[in-house]
Protein chains: 2
Amino acid sequence: MSGRIAPRSRKETRAAVLESLLRSGGAFRPLIARDTQLTEASVSRILAELRSEEIVEELRRPAPYVGGPTALVTLSNDIPVAGIELSNNRLSFGIGGLGGTVDYVERLPVSPQLRQEEFEQLFSDSLATMRRWTGTRGIAIRQAAFSIPGYSRTHANPIFPWDMERLSGFLGDALEGVPLAITNSVIAQAAFHRYSNVAAYPAEGDHLFLFVGHGVAGVVVNETAPIDAFSPFELGHMVIERGGLACRCGHKGCLEAYTSLRAISTIVGVAESEVLQQGDRFIDLLDLGRDIRERLRERLFLLGLGVGNALNLHPVSSVVISGWPSLMSDADRAAISAGIDESLLGGFDAERLKLSFIAPSIGNDPQAALYYAAHCFVRAGGLEAKAEPQAVLGENA
Amino acid sequence: MSGRIAPRSRKETRAAVLESLLRSGGAFRPLIARDTQLTEASVSRILAELRSEEIVEELRRPAPYVGGPTALVTLSNDIPVAGIELSNNRLSFGIGGLGGTVDYVERLPVSPQLRQEEFEQLFSDSLATMRRWTGTRGIAIRQAAFSIPGYSRTHANPIFPWDMERLSGFLGDALEGVPLAITNSVIAQAAFHRYSNVAAYPAEGDHLFLFVGHGVAGVVVNETAPIDAFSPFELGHMVIERGGLACRCGHKGCLEAYTSLRAISTIVGVAESEVLQQGDRFIDLLDLGRDIRERLRERLFLLGLGVGNALNLHPVSSVVISGWPSLMSDADRAAISAGIDESLLGGFDAERLKLSFIAPSIGNDPQAALYYAAHCFVRAGGLEAKAEPQAVLGENA
DNA sequence: GCACAATAATTACACAGTGTAAATATAATG
DNA sequence: CATTATATTTACACTGTGTAATTATTGTGC
């Protein structure tokens with residue numbers, strides 16, 4: 001937490017406390033108070049409230065030192081949230097608790113060109129299966145989140161030619177009152193990596209998070225802003241070479257045409273679908289010849305060129321890259337810095353720009369969406385997403 | 001105002017009311033209440049307070065309709081603020097009131113390669129002159145603002161190789177306690193154009209503001225964020241042509257190398273300094289041959305290419321361009337759209353992207369900085385920028 | 001095993017800032 | 001000049017916070 005100022009509504013204060021707990025995964029009160037910039041008195045009040053609503057739990061722990069705190073506060077794991085992810089090769093459903101447990105998963109293969117009607121059919125079927133599962137257990141989902149590559153609240157996405165109004169309408173009907181958040185996959189990814197295990201994340205402060213996979217997506221992780229305000233962007237469709245390789249978007253010379261998993265798979269001679277099946281470590285399995293390695297480095301250089309340009313437009317001092325480049329050796333990755341050096345104003349300087357890599361989490365979908373759902377629940381202060389004034393009117397109109 | 005939520009500190013509430021007044025240039029109470037999302041009761045209280053402090057004034061006006069409002073609320077014009085602008089060809093000082101009046105101006109020619117020591121000398125001299133002026137009139141500046149091209153709080157600027165710590169230190173000393181805000185020129189420009197005359201501005205909602213002059217700078221105007229949180233960026237140093245024209249930054253193929261005033265001046269055969277002297281309408285004065293026109297269009301196309309890429313990274317649906325391209329004919333400007341069409345994901349579509357032009361305001365410096373100073377005064381709720389807790393300590397340490 | 005030390009956690013109370021609603025003011029209209 | 005319609009102020013209640021006093025908890029040393 002940070003960037004907030006004292007007077008807040010109860011909902012916001014609850015959200016601040018819950019958010020702190022979600023990020024830390026459990027903490028003692030003095031820590032919560034510091035993190036949320038509240039007094040212990042306020043924390044005490046809020047926690048009493050949250051405990052009575054069974055949103056948080058307190059585990060008795062021996063004090064770690066004389067007079068130390070005695071109860072470890074954690075989020076209840078009995079609040080079920082649902083995460084749904086659509087990627088270019090599958091649709092996955094999951095149910096879990098706020099603590100990060102995953103209790104139910106279903107995954108369906110889909111084609112990258114999935115039509116909206118097909119999707120709706122698939123979704124309805126899976127949802128029915130999921131309902132059966134929750135039904136027998138008497139579980140009521142408190143918050144759902146759906147992540148889509150390239151999703152944007154404000155912009156239509158030419159790469160994902162679905163009717164977004166129809167989509168929200170459909171989902172709203174399908175989920176029957178369960179609060180739903182739709183977000184861009186790269187936001188969910190970034191939030192999951194950044195906050196689900198704070199200690200393991202290589203960056204702090206505002207930075208760029210990039211995911212290089214089927215596409216090349218980026219997001220500005222603004223530490224003081226709420227996650228749903230992060231700005232996602234399509235780095236993959238930055239034109240880095242006028243008149244260059246043809247891209248699926250119709251343009252020529254897009255970064256994606258050079259550095260997407262698909263573009264790479266033609267170089268290494270493995271189909272993209274196979275790469276996805278092999279998961280995280282596919283590059284280790286390959287015996288890359290000198291030639292192939294060289295070509296991959298060229299592509300990494302171009303990625304760097306794009307990243308440098310992105311940094312000219314989003315000036316931050318740290319970049320975290322996830323995706324296939326994270327699987328390459330340091331020597332290979334040096335090509336990225338070289339590319340940045342050619343485009344970033346002032347050149348690449350390890351003193352001023354921290355470049356980190358984290359393993360792409362292929363195969364653990366829909367963990368990110370699940371995390372995002374937990375985040376949304378928590379952001380609303382754990383209060384049922386009461387219909388906004390307008391929405392109330394809307395229901396009758 | 002917008003994007004805020006109900007409970008606020010007094011300072012914030014004052015800021016909201018004052019900001020509303022600064023933007024509207026004066027309003028009746030019911031309007032203020034709507035704009036700030038406060039009740040009339042709260043507005044009444046705040047205004048009573050501000051009136052007693054002589055920050056706002058109420059002009060008796062006949063009610064415009066039965067039972068209509070009777071007093072027009074405006075910001076006092078007796079609150080002196082100072083604006084200082086550094087551009088590539090001059091340093092200008094100004095003093096004015098919150099209402100937009102300019103009471104004092106001094107402008108000094110400087111070279112684009114001004115060294116920091118020279119600057120300090122010039123600044124001290126001008127400040128002394130200004131002090132004499134305020135001294136004889138018994139005027140005490142309440143807020144000062146200084147705008148610099150390429151300034152960034154977080155990043156050193158390789159184009160502007162000054163020591164920023166030394167700069168703030170120097171300015172702090174020089175201004176002796178007058179609260180000072182330093183900002184990027186493009187932010188001051190954008191804020192000035194956007195809010196000093198709301199009705200005349202061609203865009204609403206979040207958008208990109210670009211200034212094409214000595215450099216090519218951009219800023220994301222986020223309507224819900226405070227102005228000082230706008231994100232400025234150096235569009236000019238996006239590499240749009242690998243191995244292209246050499247740029248002053250040391251790279252090749254930067255947008256600036258093709259579209260800056262300097263790049264253009266070599267095409268039209270007029271020195272940049274002359275262009276600046278001729279002011280806003282320099283292009284009208286030239287008899288552009290077919291050839292020159294064609295070359296300018298090529299440059300506008302490249303500008304469009306860069307803008308499209310910028311939009312891929314900052315997805316907004318409106319762009320406002322100020323600078324020499326604003327002086328070109330519609331037919332010429334079409335080249336910009338053509339460029340955008342080649343890089344923006346999904347192509348250029350007038351339905352989805354609004355492209356507007358506003359006349360560059362050459363020669364009325366330091367109006368923008370002056371406006372920014374007024375904005376800073378207002379943002380602090382018209383309260384003396386009390387030293388923050390840390391700063392207080394700092395003074396004794 | 002017990003008093004003590006040291007910090008945690010709760011609670012009573014005061015204060016800031018808001019909205020609601022009642023009271024009062026203002027000016028055009030007939 | 002009363003009426004009308006809306007603006008403006010004021011009294012009061014309510015929310016949420018911080019301060020400071022109070023109570024709880026547990027390791028340490030005797």
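Colleague: How many salt bridges does the count come to over all chains?

Modeller: Over all chains the count comes to 40 salt bridges, and since we are looking at a predicted model, every value I quote is computed from its atoms. To read one, look for a side-chain nitrogen of Lys or Arg within 4 Å of a carboxyl oxygen of Asp or Glu. Arg248(A) and Glu256(A) form such a pair, with their closest N and O atoms 2.4 Å apart.

Colleague: Are Arg248(A) and Glu256(A) buried or partly exposed?

Modeller: Buried means under 20% relative accessible area, so the percentage decides the label. Glu256(A), at 5% relative accessibility, counts as buried, whereas Arg248(A) is partly exposed with a relative accessible area of 41%.

Colleague: Which residue does Arg352(A) meet in a salt bridge?

Modeller: The side chain of Arg352(A) meets that of Asp349(A), at 3.8 Å from N to O. Arg352(A) is partly exposed, with a relative accessible area of 29%, and for Asp349(A), likewise partly exposed, the value is 29%.

Colleague: And what is the distance, N to O, between Glu58(B) and Arg51(B) in chain B?

Modeller: The side chains of Glu58(B) and Arg51(B) meet in a salt bridge of 2.1 Å, N to O. Glu58(B) counts as partly exposed at 25% relative accessibility, and Arg51(B) counts as partly exposed at 37%. Salt bridges can also share partners, and in this way Arg10(A), Arg14(A), Glu49(A) and Glu53(A) are joined into one network.

Colleague: Turning to the rings, how many aromatic pairs are there over all chains?

Modeller: The count comes to 18 aromatic pairs over all chains. One of them is the pair of Phe123(B) and Phe170(B), which is edge-to-face, with 5.6 Å from centre to centre and 70° between the planes; the label follows because planes over 60 degrees apart count as edge-to-face. Phe123(B) lies in helix 4 (residues 116–137) of chain B and Phe170(B) in helix 5 (residues 164–175) of chain B, so the pair ties together parts that are 47 residues apart in sequence. Both Phe123(B) and Phe170(B) are buried.

Colleague: Which residues form one aromatic cluster in chain A?

Modeller: That cluster is formed by Phe93(A), Phe119(A), Phe123(A), Phe146(A), Trp162(A) and Phe170(A). A ring can also have a charge over its face, as with Tyr195(A), where the charged end of Arg23(A) sits 3.7 Å from the ring centre. Arg333(A) lies over the face of Phe357(A), at 4.0 Å from the ring centre.

Colleague: How should I read the strands, and how many bridges join strand 3 of chain B to strand 4 of chain B?

Modeller: In a regular strand the side chains alternate between the two faces of the sheet. In this structure, strand 3 (residues 81–86) of chain B runs antiparallel to strand 4 of chain B, and six bridges join them. A hairpin connects these two strands through three residues, and Gly83(B) has Gly94(B) in strand 4 as its bridge partner. Strand 4 (residues 90–96) of chain B is mostly covered, with six of its seven residues buried.

Colleague: What stands opposite Leu91(B) in strand 5 of chain B?

Modeller: Leu108(B) stands opposite Leu91(B). Seven bridges join strand 4 of chain B to strand 5 (residues 102–109) of chain B, and these two also run antiparallel. The hairpin of strand 4 and strand 5 of chain B has five residues between the strands, and there Gly100(B) takes a positive phi near 105°.

How values were computed:
Residues are numbered from 1 along each chain as its sequence is written. Chains are lettered from A and ligands numbered from 1 in the order in which they are written. This is a predicted model: local features need pLDDT of at least 70, side-chain atom pairs count only at pLDDT 80 or more; totals for chains, interfaces and linings use all residues. Side-chain values use heavy atoms; hydrogens and water are left out. Buried means under 20% relative accessible area, exposed over 50%, partly exposed in between (1.4 Å probe, protein chains only). Helices (H or I, at least four residues) and strands (E, at least two) are DSSP runs, numbered from the N terminus. Two strands pair if DSSP finds at least two bridges between them. Rings of Phe, Tyr and Trp (its six-membered ring) pair if their centres lie within 6.5 Å; planes under 30 degrees apart count as stacked, over 60 as edge-to-face and the rest as tilted. A charge sits over a ring if NZ of Lys or CZ of Arg is within 6 Å of the ring centre and within 35 degrees of the ring normal.
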